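Visitor: Could you walk me through this one? I'm new to reading structures.
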Amino acid sequence: MGPLKVTLCAGVAVVAATLTPTAYAANPAGGVSVTPSTPAPGAEVALEVTGCSGKKATAESEAFVSDAHLVGPGGPGGSLSGETRIRTSLAPGSYRVTIVCADFEVKGAIKVVAAGARPAAPASPVAPVQAGGGGAAPLAAADDSRVEGPGVAHTVTGLLLAGAAAVAVVLRGIRRRRGTE
């Protein structure tokens with residue numbers, strides 16, 4: 001990559017970084033996202049709100065089994081997020097959602113689709129997958145197995161290798177200055 005390309009890429013990155021906070025400031029009420037965007041009854045949904053100055057918010061809807069408690073760093077560039085589940089007995093349609101934050105309230109709607117309908121956004125795992133341990137499972141289950149960090153021998157070996165590398169760098173620098181390389 002030539003110097004001109006590097007300069008242009010760096011310039012674009014600086015402009016993008018400069019304009020991003022402006023986009024948040026232009027929308028004082030913040031933004032809300034729901035994943036998946038069109039859930040089916042019984043589906044879990046992840047909610048995220050930006051622009052809240054507090055560290056907690058609550059999302060309420062008759063479509064939810066329970067209110068979603070959103071938490072996070074908050075602030076102008078931060079976001080609050082949380083999860084809830086769509087009621088299984090819900091009929092497809094549009095349902096009101098209200099998110100109450102420390103300094104504002106956002107009202108919107110969530111569209112619930114029929115149970116067999118394909119969601120607009122692919123579902124993502126929200127919990128660890130039970131994948132088994134393979135051949136390591138008996139070792140992990142053993143009571144006497146414990147994890148230990150590096151011992152004294154590892155530390156001394158590492159220090160010796162680091163010292164040898166430092167000596168090699170110094171010797172190479174001396175050779176270059178003399179011009180014998």
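Visitor: Okay, where is valine 170 found?
Guide: Keeping in mind that this is a predicted model, valine 170 lies in helix 3, which covers residues 152-178.

Visitor: And which residues form the nonpolar patch on the surface?
Guide: That patch is made of Val167, Val170, Leu171 and Ile174, which together have about 320 Å² of accessible area.

Visitor: What span should helix 3 have, at 1.5 Å a residue?
Guide: Its 27 residues should span 39 Å, and this agrees with the model, because the end C-alpha atoms of helix 3 are 39 Å apart.

Visitor: What follows helix 3?
Guide: The next residue is glycine 179, and its phi is positive, near 80 degrees.

Visitor: Switching topic, is threonine 98 buried or exposed?
Guide: Threonine 98 has a relative accessibility of 18%, and buried means under 20%, so threonine 98 counts as buried. It is part of strand 6, residues 93-100.

Visitor: Which residues does threonine 98 touch?
Guide: Leaving out residues up to four places away in sequence, threonine 98 touches Thr58, Ala59, Glu60, Glu105, Val106 and Lys107.

Visitor: And what separates threonine 98 from alanine 109?
Guide: Along the chain they are 11 residues apart, while their C-alpha atoms are separated by 8.2 Å.

Methods:
Residues are numbered from 1 along each chain as its sequence is written. This is a predicted model: local features need pLDDT of at least 70, side-chain atom pairs count only at pLDDT 80 or more; totals for chains, interfaces and linings use all residues. Side-chain values use heavy atoms; hydrogens and water are left out. Helices (H or I, at least four residues) and strands (E, at least two) are DSSP runs, numbered from the N terminus. Buried means under 20% relative accessible area, exposed over 50%, partly exposed in between (1.4 Å probe, protein chains only). Contact means heavy atoms within 4.5 Å. Patches are made of residues with over 30% relative accessible area and no salt bridge: like charges are joined within 9 Å, nonpolar side chains (Val, Leu, Ile, Met, Phe, Trp, Tyr) within 5 Å. Accessible areas come from the Shrake-Rupley method with a 1.4 Å probe; for residues, only the protein chains shown count as cover. A salt bridge is a side-chain nitrogen of Lys or Arg within 4 Å of a carboxyl oxygen of Asp or Glu. The expected span of a helix is 1.5 Å times one less than its number of residues.
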